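Hello,

Here is the structure I promised to pass on. Please open it first, then read my notes below.

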Amino acid sequence: MPDNTILLGAVAYDAKVVPIWEGIRTHFQKQGVPMDFCLFSNYERQVESLLAGHIDIAWNTPLAHVRVRKRTGGKSISLGMRDSDRDFKSRVIVRKDAGIRTLADLKGKTLAVGSRDSTQARILPLHFLKQQGIDASSVKLMAFDTDVGKHGDTGTSELDVLKALHDGPAHAGTVGDLIWVMEQAAGRVDTRKLEVLWTTPGFDHCMFDALPSLDASKVEAFKRGLFAMKWENPEHRRILELEGLKQWMPPREEGYASLTAALDEQQGW
Amino acid sequence: MNHNNVSAAVAIDTGDLPFGGGMLALVRPALDLLQPGGVLAVLTRQASAPDDFSTWCKVEHHELIESDAQPGGLRLLLRKGGLGHARGTLEDGLNLAPVDGRLDAAAMLAQVPFPAHADPGTGFAPRGAMVEPGGPVYAFRINDLDHAAPPDVAELYDQAVAAQWNGERDIAWDKLKPLPRALQRAVGQIFTFLAENELSALYVPSRFIARLHPHYVEVGQFLSTQLMDEARHIDVFLKRARVGGGGVGISHATTSASLHSLLMLEDFTEAAFLLSVLGEGTFLDLLRYIEEHAPDEVTADIVRRARNDETRHVHFGMSHVKHALKHDPTMYARLEAAVRKRSATLAGVGGVPYAVQDSLTILAAGGTNPEAVSRGHNKFRELMDVMHTNRVKRLLNAGFTPTQAQTLSDLHTPNFM
């Protein structure tokens, strides 16, 4: 069916993904931009489908984004990101009774980490810790490989990390600051037991990716539709709230340099 | 960045409280006091607070304007965002106090009056609550004061609560004596008929409670007392029909058709008019008749108690209808049309169901002696006149013209309810 419909891929990590993209599709149609979406169960298949040209645009996690960058030799087109995707951080949380006062104290301790494909709960915290002189081999790594394929979107492995910290046996653990702050805000963190040891440098999160071969008119139409979404518009706002942003932002690549370096270092490609 | 021009409207000191260990329990209520754009100053001795608030503000769409060291800790300035800001203002300074140790619903309604219109988007939020946006729109259909709540509904609710009685203990069941067979049958039939009608009076209002906007909850509260009244009446009426060797009698198709037409009503005001003003109003005369001719004091006590309850229902119905008529004169035509429509659906049904008619005659006669039955028959005929006269009075009281009142009363169902 050759037409000018933009076909977008997204990963169904939660039931809300359907109303989000139904809403965005309706919005695009009102803007005169024909768009449809298909849902994948994991980012690996979504990336392969993008590279194979089955979909026009992929809404990618940072891990999927840098893989697309690498597989296209840096020629892929980055189209946009959420305001909330910028300056993400991870936290190293410790048990107060574990006797950990500095990063050096982590050596020999049990460090709980999230899924192997979670940027914020495993890949980047381990990378930044190594830069601080704490190699993964110097701690007892306790890994929670849950929802693999979803790249940490579900947050399940981060909750596992927090549980292992609350109940033991973990002495320390790594989670994204979003989970850490929101779990505290929900009253689910026992601050008598846990505290923050360290906050990592910032990094960027999700990105819309397309192949360099994508028709220029589709690129323009997509950007036009995307950036026409306004927080002030109640219909848009409902969708933006579900997707966790206030404003779509232009792309930037510098926020992924640390992840690229981490994957080189961890042979995580 | 220089923020010297930013001044906080509210300032709080959270001491050593960790972000997730109590600090938010002070910060969030303080933010609730502000309108979007308002600034809150937070003093804290938690070094990680700027990081935590930076992320939290991003998610909650507040703005962390600055954090700087102060004597005694860090001072954070937060600007409240518009996301999730609950509509309205926090209730404050109500003058709600008990009188003589009692606190009634009318006193509360006086302090927190009904709104003219209610928004179905506020769901089950109690009247007066600030409502966080984004909740679902409920399918409430009675969202206007004019069609929902007469002004004295809270008083009626207070009266109803105070007047509740117990069908198990408050009736002197042990004083009931067996009656002669024919009279026993008549009593059984009459109470069967009463129970059947009261079942409809239980079902019909219940349909409207779930359609009523919760901001008019006093109406729902009153209706729930009405349901409790009907439940109790059904209970004691069926007990009376059966105790002392009697039994329930016949349910007539006329009764069934009449009550079915009540159950089909979709409009609250039409239902209040047909059920409470015309139906239960007519029932008051019927209950008085049964009390007057009751074969014993226990039976008289039962219908007297029921009549007291029904009087409140009629009062509510009258009050509701008069309130609606006052604000919407087109209601006259609508209510008349409702009576005519119901009458049309009941066309072809005979007069008062025969078993009811005969039982009321035997009851007034006190037995089957032909002379007494003749007197009983006259009493029954007088009852019809009394019912008509009192219906007309109620209709006139509601504001209908004498001609309308005569017509509407004539069109009323031969089933009484």
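Start with Gly246(B), which is buried because 22 other C-beta atoms lie within 10 Å. The cut-off for calling a residue buried is 20 or more. Keep in mind that this is a predicted model.

Where does Gly246(B) sit? Look in the loop between helix H7 (217–242) and helix H8 (253–263) of chain B. Leaving aside neighbours within four places in sequence, Gly246(B) is in contact with Gln184(B), Val187(B), Gly188(B) and Ala241(B). Now find Gln404(B). From Gly246(B) to Gln404(B) is 158 residues in sequence and 43 Å in space, C-alpha to C-alpha.

Next, the place where the two chains meet. Here 13 residues of chain B are in contact with twelve residues of chain A. On the chain B side, helix H1 (19–32) and helix H2 (49–60) each supply at least two residues. H2(B) has the largest share, with six residues. By class, that side of chain B has five nonpolar, five polar and three charged residues.

H2(B) also packs against a helix of chain A. Its partner is helix H6 (residues 177–185) of chain A. The angle between them is about 80 degrees, and their axes are 9 Å apart. Angles of 65 to 115 degrees count as roughly perpendicular, so H6(A) is roughly perpendicular to H2(B).

Which residues make this contact?
- From H6(A): Asp177(A), Leu178(A), Val181(A), Met182(A) and Ala185(A).
- From H2(B): Asp52(B), Thr55(B), Trp56(B) and Val59(B).

By class, this contact of H6(A) with H2(B) has six nonpolar, one polar and two charged residues.

Last, chain A on its own. The domain assignment gives domain 1 (6–85 + 205–266) and domain 2 (90–199). Their C-alpha centres lie 28 Å apart. How many residues of each domain are in contact with the other? The count is 17 residues of domain 1 and twelve residues of domain 2.

Take the domain 1 side of chain A. Helix H2 (43–51), helix H3 (62–71) and helix H9 (257–266) of chain A each supply at least two of the residues that touch domain 2. H9(A) gives the most, with six residues. By class, this side of domain 1 has nine nonpolar, five polar and three charged residues.

Best wishes

Key: Residues numbered from 1 in each chain as written. Chains lettered and ligands numbered in written order. Predicted model: local features only at pLDDT ≥ 70, side-chain atom pairs only at ≥ 80, totals over all residues. Helix = DSSP H or I, 4+ residues; strand = E, 2+ residues; numbered from the N terminus. Buried ≥ 20, exposed ≤ 12 C-beta atoms within 10 Å, placed from the backbone. Contact = placed C-beta atoms within 7 Å. Domains from an automatic or database assignment. Nonpolar A, V, L, I, M, F, W, Y, C, P; charged D, E, K, R; others polar. Axes fitted to C-alpha atoms, helices over the stretch in contact; angles between N-to-C directions. Parallel < 35°, antiparallel > 145°, perpendicular 65-115°, else oblique.
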